Amino acid sequence: MLDHVIYKILGGVKFARNKGVALGEGCRILTRHLGSEPWLISIGNRVTVSSDVVFINHDGSGWLHRDTRGRRYRYAKIEIGDDVFVGARVIIMPGVRIGSNCVIGAGSVLTKSVPSG
């Protein structure tokens with residue numbers, strides 16, 4: 001609830017920067033769902049992140065299976081290039097990179113990276 005109030009007061013861009021997101025110039029951030037590790041998010045210039053987009057920087061499915069090093073969690077950066085539009089209610093999973101000059105359609109679930117263009 002507190003994030004909602006802070007988001008309303010600061011606006012999306014200041015809210016994201018305050019949380020630790022690396023954010024370029026000329027962006028519009030219309031979501032407050034920056035995950036539990038917002039410092040792992042990097043957003044380029046002139047990017048619009050629409051309402052209710054969800055950034056997920058960790059994967060807890062490791063509770064079911066450990067990796068070869070015995071780890072049960074995976075933390076990974078999410079990177080968005082320049083001149084990108086991310087539609088409403090998109091879910092971006094850990095380790096995904098969205099290249100520059102992309103449009104991500106509303107409701108998409110990104111489990112793999114998207115090349116530029």
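Is Arg89 buried or exposed? Select Arg89 and take a look: at 59% relative accessibility, Arg89 counts as exposed (over 50%; buried is under 20%, and partly exposed is in between, with a 1.4 Å probe and protein chains only).

Before you go on, a word about what's on your screen. This is a predicted model, where local features need pLDDT of at least 70, side-chain atom pairs count only at pLDDT 80 or more, and totals for chains, interfaces and linings use all residues. Residues are numbered from 1 along each chain as its sequence is written, and side-chain values use heavy atoms, leaving out hydrogens and water.

Asp52 and Arg89 form a salt bridge, with their closest N and O atoms 3.6 Å apart (that is, a side-chain nitrogen of Lys or Arg within 4 Å of a carboxyl oxygen of Asp or Glu). The pair links distant parts of the chain, 37 residues apart: Asp52 sits in the loop between β4 (48-49) and β5 (54-55), and Arg89 in the loop between β9 (84-86) and β10 (91-92). Strands here are DSSP runs (E, at least two residues), numbered from the N terminus, and helices are runs of H or I, at least four residues. Asp52 is partly exposed, at 33%.

Next stop: Arg97 and Glu79. Their closest N and O atoms are 3.9 Å apart in another salt bridge. Arg97 lies in strand β11 (97-98) and Glu79 in strand β8 (78-80), so this pair ties together parts 18 residues apart in sequence.

Finally, zoom out. The protein has two helices and 13 strands, and 35% of its 117 residues count as buried.
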